[in-house]
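Keep the structure open beside you while you read.

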Amino acid sequence: MSKIVFITGASSGFGKACAEKFACHGYDVIINGRREDKLLELKEHLEKKYNTAILVSVFDVRNRNEVFEAVKNIPGEWQHIDILINNAGLALGRDYFDEADIDDWDTMIDTNVKGLIYSTKALMPLIKKSSSPHIINLGSVARDVYEKGNVYCATKAAVDILSQSMRIDLLRHGIKVTAIHPGAAETEFSLVRFKGDEDSAKKIYDGLTPLTAEDVADVIYYCTTLPPHVCINDLVLTCTQQANAIYFNRK
Ligand code: NDP
Ligand code: 8X3
């Protein structure tokens, strides 16, 4: 029986690169996101290239009913999840606390925090069916706060705490929980954050060779290849020109 990985937010960036990495290693992959066209395109590409099975599961992680309904509709042969990658997430805006948009805050909290706990809770019965269950949560170096990071940083600090909590509460089920905290990586992330403003999005990477989505996927995949008795609990990765959430050596 093939191993199954469920990836939230697989229509772009880290999630998409993870889908490629796991498919390439023979996993069957359930890919989630809101943009069905992108997911169908990815499914076609991966099935052709790797001769593996891909299931598209379109839902908005913010919508609790949609999440549980989608999980209920997972076909029988897909009903064990070996690896869940909680990756769907976003930043919106980079503004001082007093100037930031409350709707942006709601969206980030609903996606990065509530979306992650809804998806995990809904999939828990399927994860428990695996003989080697593993949950990977995408945090960020932004768990350490920086100027104008306010609510985005708070959501990633919440992912850190939730990962610790899952690790403790799920210990009795033998479920590995790994939190991955990347630094600056060039994906659609900045374009989303700056709401389509390409100049502001590009500036984030000025003078840097940032991480790529594939770099992050390689590290995530590595975490899942360790022997059953070994778990990476918490992992920070940045490009060599970044020390932490604040300090960069731009050339
Ligand atoms: P991208 O914008 O490239 O990808 C984000 C993915 O999340 C997309 O597939 C998007 O799909 C999905 N998504 C967003 N909102 C929802 C939603 N409500 N329901 C379902 N899916 C959703 O960004 P990255 O790949 O860079 O980011 C992935 C994760 O990594 C995020 O959690 C981000 O916070 C984190 N991160 C990113 C870093 C970076 O520098 N890039 C660094 C550290 C952490 P769709 O639009 O189709 O729904
Ligand atoms: C994304 C990395 O530094 O832009 O989480 O917040 S950062």
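1. Let's start with the parts list: the protein has 8 helices and 7 strands. Bear in mind that this is a predicted model.

2. Now the overall shape. A compact globule of 251 residues would have a radius of gyration near 18 Å, and the protein comes out at 17 Å, so the two agree. Along the principal axes, the C-alpha atoms fill a box of roughly 50 × 40 × 35 Å.

3. The accessible surface is about 12400 Å², and carbon and sulfur atoms account for 51% of that.

4. Take a look at how the chain folds back on itself. Among contacts between residues at least 6 apart in sequence, 74% join residues at least 24 apart.

5. In soluble globular proteins, nonpolar side chains tend to be buried together. Here the largest nonpolar core has 33 residues, and Phe 22, Val 29, Ile 85 and Ile 220 have the most contacts inside it. Helices and strands both contribute: α1 (13-24), α2 (36-50), β4 (83-86) and β5 (134-138) are among those that each supply at least two residues. There is also a second, separate core of 26 residues, including Leu 116 and Met 124.

6. Leaving aside neighbours within four places in sequence, Ile 85 is in contact with residues including Val 5, Cys 18, Phe 22, Ile 136 and Ile 220.

7. Last, the charges. There are 29 positive and 34 negative ones, and their mean positions lie 5 Å apart.

Conventions: Residues numbered from 1 in each chain as written. Chains lettered and ligands numbered in written order. Predicted model: local features only at pLDDT ≥ 70, side-chain atom pairs only at ≥ 80, totals over all residues. Heavy atoms only, no water. Helix = DSSP H or I, 4+ residues; strand = E, 2+ residues; numbered from the N terminus. Rg over C-alpha atoms; globule rule 2.2 N^0.38 Å. Contact = heavy atoms within 4.5 Å. Areas by Shrake-Rupley, 256 points an atom, 1.4 Å probe, with all protein chains shown as cover. Lys, Arg positive; Asp, Glu negative; His and termini not counted. Charge placed at Lys NZ, Arg CZ, Asp CG, Glu CD. Core = buried A, V, L, I, M, F, W, Y, C linked by side-chain atoms within 4.5 Å. Buried < 20%, exposed > 50% of the residue type's maximum accessible area, 1.4 Å probe, protein only.
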